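Today I opened a new model and kept a notebook beside it. Here is the structure I looked at.

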Amino acid sequence: MDSCYDDEGNPSTCMPKFENVAFNRTAVASNVCGSPPEDYCMQTGSTRSCHYCDASDPDLHHNASLLTDFHRSEENTWWQSQSMYYGIQHPNSVNLTLHLGKAFEITYIRLKFYTSRPESFAIYKRTEQDGPWLPYQYYSASCKKTYGKDSKGYIRPGDDERTALCTDEFSDISPLTGGNVAFSTLEGRPSAYNFDQSVVLQEWVTATDLLISLNRLNTFGDEFFKDAKVLRSYFYAISDFSVGGRCKCNGHASECFEGDRGGLVCACEHHTVGDDCQRCHPFYQDRPWSRASGDSANECLSEYLASGPLGTAC
Ligand SMILES: [Ca+2]
């Protein structure tokens with residue numbers, strides 16, 4: 001763990017540990033297979049193997065809890081939607097929502113698909129609880145048609161760096177199983193090298209909630225004939241949903257804990273207060289609050305104690 005004071009007792013920038021923020025949090029899925037119980041078939045090239053999903057059977061369910069459980073490669077667990085047989089396909093979407101309970105700074109979001117990756121899906125976030133859903137990234141073989149975005153877009157210096165891009169690089173039907181998609185929040189953003197000074201990117205990586213909107217399934221085009229076996233072989237399935245990040249404390253805390261009101265709060269140091277240490281303590285208002293940077297802890301100062309060596313904390 002990172003300390004907020006050095007060996008001499010001087011304030012230093014500190015932050016909570018980097019972690020998989022999704023682990024042991026339960027995502028909410030707007031759709032899940034197995035109620036009513038249903039057959040489904042895996043696309044495995046030339047052959048199809050068929051199985052059974054039953055949402056109420058502990059051995060046969062594929063509920064959303066399996067998105068964020070501990071994941072061992074030899075024992076896949078996965079969330080699965082109903083199949084195209086039940087009407088799952090564009091324009092009907094399936095949403096996965098992850099509520100974090102406070103602001104986090106997100107480095108990456110990674111999805112490991114149990115089936116083929118979708119033809120189109122998008123990641124959204126909320127910067128503050130109850131705020132609007134903002135687009136984070138689009139993945140689509142049809143960026144223009146589905147999202148009205150250029151598939152070769154990029155961000156130039158001077159552009160608004162809080163712009164969601166679309167890429168067609170991760171939307172092929174192949175591989176039929178085990179495809180990964182990872183979104184790095186700072187990749188391709190010019191101010192990333194100067195993150196400490198970039199208020200815009202500090203806001204861009206901040207999220208209190210994440211939403212994966214699965215918008216269009218990949219198919220071989222054979223659903224056109226409406227054969228039940230074929231329709232039962234198209235559905236969304238994701239074996240792991242990971243989110244790399246840190247509890248957001250603006251450089252003024254080294255850990256977060258469960259607060260009185262439920263939900264996480266920062267254990268604020270440097271005479272800061274607030275869920276994210278985003279304000280100075282009322283008795284430490286001698287200069288405006290500032291986020292800690294690589295150069296300075298920017299601790300809050302007391303008007304009475306500023307000249308003294310080490311003020312007694314109140
Ligand atoms: Ca899993």
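**Ground rules.** I am working with a predicted model, where local features need pLDDT of at least 70, side-chain atom pairs count only at pLDDT 80 or more, and totals for chains, interfaces and linings use all residues. Residues are numbered from 1 along each chain as its sequence is written, and side-chain values use heavy atoms, with hydrogens and water left out.

I looked up the protein donors (N, O and S atoms within 2.8 Å of the metal, or 3.2 Å for Na, K and Ca; water is not among the atoms, so sites may look incomplete). I found Leu66 (O), Asp69 (OD), Thr77 (O), Thr77 (OG1) and Ser239 (O), 2.4 to 2.7 Å from the ion. Thr77 sits in the loop between strands E4 (47–53) and E5 (79–83) and Ser239 in strand E12 (235–247), so the pair ties together parts 162 residues apart in sequence. Strands (E, at least two residues) are DSSP runs, numbered from the N terminus. I noted both Thr77 and Ser239 as buried, meaning under 20% relative accessible area (1.4 Å probe, protein chains only).

**Salt bridges.** How many salt bridges does the structure hold? I count 11, each a side-chain nitrogen of Lys or Arg within 4 Å of a carboxyl oxygen of Asp or Glu. One of them joins Lys102 and Asp276 at 2.8 Å, N to O. Lys102 is in strand E6 (94–113) and Asp276 in the loop between E15 (272–273) and E16 (279–280), so this pair links parts 174 residues apart in sequence. Both Lys102 and Asp276 are buried.

Conventions:
Helices (H or I, at least four residues) and strands (E, at least two) are DSSP runs, numbered from the N terminus. Buried means under 20% relative accessible area, exposed over 50%, partly exposed in between (1.4 Å probe, protein chains only).
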